[in-house]
Amino acid sequence: MTMSSNHTNLRDIWYTMIGIPGLEYAHIWLSIPICSMYIVALAGNTLLIFLISTDHSLHEPMYLFLSMLALADIILSTVTTPKVLAIFWFRAGGISFASCVAQMFFLHFMFVTESAILLAMAFDRYVAICFPLRYTTILTPSVIGRMGLASVTRSFLICFPLVFLVYRLTYCGRNIIRHSYCEHMGIARLACDNIKVNIYYGMTVPLFSIGLDIVLIIISYTLILHSVFRIPSRDARLKALGTCGSHVCVILLFYTPSLFTFFAHRFGGHSIPRHMHILFANLNVVVPPTLNPIIYGVKTKQIQERIFQMFSFSKAYF
């Protein structure tokens, strides 16, 4: 048996994630806010999906896109958080290579999908404000369905090559993952091979896809602002801008920490401690899913009214 085949076989050993290096003593304390946010994220986004799916008055393009975002948030947080909590509570960091790659794929896949959904929601606001009379004829249910399918397809085509990129590498037995979940470069750095292709693909393709989404969102809101400031009535301008408030908050909440994590991880060097990188990465997959339903619940009158109706009915029933 050759050395190469020996190394290849070592890929299938058991791997161990150690959580947040340097903060092992604080794992139990860190688990409290992370677990609390995860529960709120599951409850809040599930409630949003339930309200939108059961109330026909919410079967409008804006709310259909919101339900897609809520589903993406549930999956994104669930891909990582249960395993993170298992590491923090029980030191259960063991994971097979196949499971680690699966977690990596779904993590990156859902991140790119959520970015595409935010772009679709920006287009929704652009059509609603710039072409209000044609809003429902442009964004029909079939068009919305095709946009959702396109988002998923694009994300799959971008992220599936990552699976081949990590499986093609030769592994020599290093099995300690200094993180609390599996991500592309964390797996690639365990290999003995040259990982330049992984580095280049991991930096350029996702960055350009996410970067394109950001540019198109900025263009959408530039056109929205141009249209809004041509409205003569001040109240009408404020009302139009108010419909975008929730979406802008969600955009900032999603992209700001994500871009900070991306650039700090690759260009921060030793100026930012490793445990801060990993702690921020953990918060990045649980904080936005937690706050998104709260933001829309606070800022969207129709959702507020539906929640009040539901709880009023429950109170009267019991």
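Me: On what conventions do the values rest?

Reply: This is a predicted model, in which local features need pLDDT of at least 70 and side-chain atom pairs count only at pLDDT 80 or more, while totals for chains, interfaces and linings use all residues. Residues are numbered from 1 along each chain as its sequence is written, and side-chain values use heavy atoms, with hydrogens and water left out.

Me: Where does UniProt place the feature "transmembrane region"?

Reply: UniProt positions follow the numbering used here, with shortened feature names, and annotations may be inferred rather than shown by experiment. The unreviewed UniProt entry gives residues 28–51, 63–80, 147–169, 199–225 and 245–264. In the model, residues 28–51 are 100% helix and 0% strand, with the end C-alpha atoms 35 Å apart. Residues 147–169 are 91% helix and 0% strand, and their end C-alpha atoms are 35 Å apart.

Me: How is the span of a helix read, and where does α6 bend?

Reply: Helices (H or I, at least four residues) and strands (E, at least two) are DSSP runs numbered from the N terminus. The expected span of a helix is 1.5 Å times one less than its number of residues. Helix α6, residues 141–167, has 27 residues and reaches 39 Å from first to last C-alpha, close to the expected 39 Å. A bend is the angle between axes fitted to the seven residues ending at a position and the seven starting there. In α6 the bend is about 30° at Leu157, and Pro161 follows within four residues.

Me: In what order do the strands of the sheet stand?

Reply: Strands of a sheet pair through backbone hydrogen bonds, either parallel or antiparallel. Two strands count as paired if DSSP finds at least two bridges between them. Here three strands form an open sheet, ordered β2-β1-β3, with mixed pairing. The edge strands β2 (94–95) and β3 (176–177) each have a single partner strand, so one side of each is left without a neighbour in the sheet. Strand β1 (residues 15–17) runs parallel to β3 and is joined to β3 by two bridges. Met17 stands opposite Ile177 in β3.

Me: Which residues of α6 are buried, and what covers them?

Reply: Buried means under 20% relative accessible area, exposed over 50%, and partly exposed in between (1.4 Å probe, protein chains only). The buried residues of α6 include Gly148, Ser155, Cys159 and Val166. Their cover includes α3 (61–90), α4 (97–130), α7 (184–188) and α8 (196–228).

Me: Why does Ser227 count as buried?

Reply: Ser227, found in helix α8, counts as buried because its relative accessibility is 19%. Contact means heavy atoms within 4.5 Å. Not counting residues up to four places away in sequence, Ser227 touches Ile129 and Cys130.

Me: Which members of the largest nonpolar core touch the most other members?

Reply: A nonpolar core is a set of buried Ala, Val, Leu, Ile, Met, Phe, Trp, Tyr and Cys residues joined through side-chain atoms within 4.5 Å. Of the 87 residues in the largest such core, the answer is Leu66, Tyr171 and Ile187. Helix α4 gives the most to this core, with 19 residues. Ile187 lies in helix α7 and counts as buried at 2% relative accessibility. Beyond residues up to four places away in sequence, the contacts of Ile187 include Phe97, Met104 and Tyr171.
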